[in-house]
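Please take a first look at the model shown here. A short tour follows.

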Amino acid sequence: HKNLAKEVSDNNFRQDLFYRINVINIEVPPLRNRKEDIEIITKIFLERISNTWNTEKMTLNEEAALNLTRYPFPGNVRELENILEKAVTLCDGSIITPENLSLPMNQTVHQENDESTPSLPDKNTNKPYPVRPPDQPLQEYLNNIEKQAIIEALEETRWNRTAAAKLLGMTFRSLRYRLKKLNIDDEQ
C-alpha cells in the first residue's frame, strides 16, 4: 500500500526490483466504491469456499445480500472473503442469513469509557468489546474476538463442546472447525 516509485526515489525500495514488477499499473478502487461488484465477487468466493471445503453450494438470502452492499468494507475484498468464510462456517444450511454474516453494521457508535481503547457496546451483555487498532491486521483482530468468545463459552460450559456450540448459537461442526482453525484445543 505504498507508492513504490516514491519509495525508489527515497532509496527505500530497490530500483531494479521496481522495474521488474512495474510492467503494468492497474488502479483498482476499493470495494466500497464498487458496490456493483460485490454480488459477483461474493458468488466467486462462495463457490471457491464450497469447492475447497467440499460442502454444498452456499447462497445468500436477499436481506444478507443487501446488507453486504450497504457495508463499507474497510478491509476491502479480503474482508469480504473473511466474512463469507465465517458465514459459511456459522450457517446450518445452504442459505446464508444476515445473522451468519455477523457484520458490524454500527461502526460509528463508541462508548466514552476509555479514550485510549474505543469500544462498541455489546447489545446482549452491555460488555464493551475492543475496536480494531489501526496497526492490527483485520484477520488477527477478528480471530482474537472470536477466540475470546469461544473460550468464554467453553469455560462457562466447563469445556463441554456441545453445550458451548449451543451457547454460541452454532453447530457442533462449526465449533469444531473454529477450534481447529484458532488452535484452541491446546488451551484446555
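Which residues in helix 8 meet which residues in helix 9? R161, T162, A164, A165 and L168 in helix 8 meet F172, L175 and L179 in helix 9. Contact means heavy atoms within 4.5 Å. The axes of helix 8 (residues 161-168) and helix 9 (residues 172-181) come within 9 Å and cross at roughly 100°. That makes helix 8 roughly perpendicular to helix 9, because angles from 65 to 115 degrees count as roughly perpendicular. Axes here are lines fitted to C-alpha atoms, for helices over the stretch in contact, and angles run from 0 to 180 degrees between N-to-C directions.

This is a predicted model, where local features need pLDDT of at least 70, side-chain atom pairs count only at pLDDT 80 or more, and totals for chains, interfaces and linings use all residues. Residues are numbered from 1 along each chain as its sequence is written, and side-chain values use heavy atoms, with hydrogens and water left out.

**Overall layout**

The protein chain has nine helices and four strands. Helices (H or I, at least four residues) and strands (E, at least two) are DSSP runs, numbered from the N terminus. From that end, the order is α-α-α-β-α-α-β-α-β-β-α-α-α. Of the 188 residues, 29% count as buried. Buried means under 20% relative accessible area, exposed over 50%, and partly exposed in between (1.4 Å probe, protein chains only).

How confident is the predictor? pLDDT is its confidence in each residue, from 0 to 100. The mean pLDDT of the protein chain is 81, and 84% of its residues reach 70 or more. Over residues 106-127, pLDDT stays under 50. For that stretch the model has 31 contacts beyond four places in sequence.

**Two cores**

A nonpolar core is a set of buried Ala, Val, Leu, Ile, Met, Phe, Trp, Tyr and Cys residues joined through side-chain atoms within 4.5 Å. The largest one has 20 residues. L68, F73, L80, I83, L84, I96 and L101 have the most contacts inside it. Helix 3 (38-53), helix 4 (62-70) and helix 5 (76-90) each give two or more residues to this core. Apart from it lies another core, of 13 residues, among them A164, A165, L175 and L182. In the largest core, L84 touches T42, F45, L46, I49, L60, L68 and L101, not counting residues up to four places away in sequence.

**Single residues**

L154 sits in helix 7 (residues 138-156). Leaving aside neighbours within four places in sequence, L154 is in contact with W159, N160, R161, A164, L179 and I184. The C-alpha atoms of L154 and A165 are separated by 8.5 Å, with the two residues 11 apart along the chain. S174 lies in helix 9. Beyond four places in sequence, S174 touches T89 and L90.

Three residues can be set side by side by relative accessible area.

| Residue | Relative accessible area | Class |
|---|---|---|
| L154 | 0% | buried |
| S174 | 2% | buried |
| N11 | 69% | exposed |

Where is N11? The loop between helix 1 (4-9) and helix 2 (15-21) holds N11. N11 is not a glycine, although its phi is positive, at about 60°. N183 is found in the segment after helix 9. Phi of N183 is near 55°, a positive value in a residue other than glycine.

Key. pLDDT = per-residue confidence, 0-100. Parallel < 35°, antiparallel > 145°, perpendicular 65-115°, else oblique.
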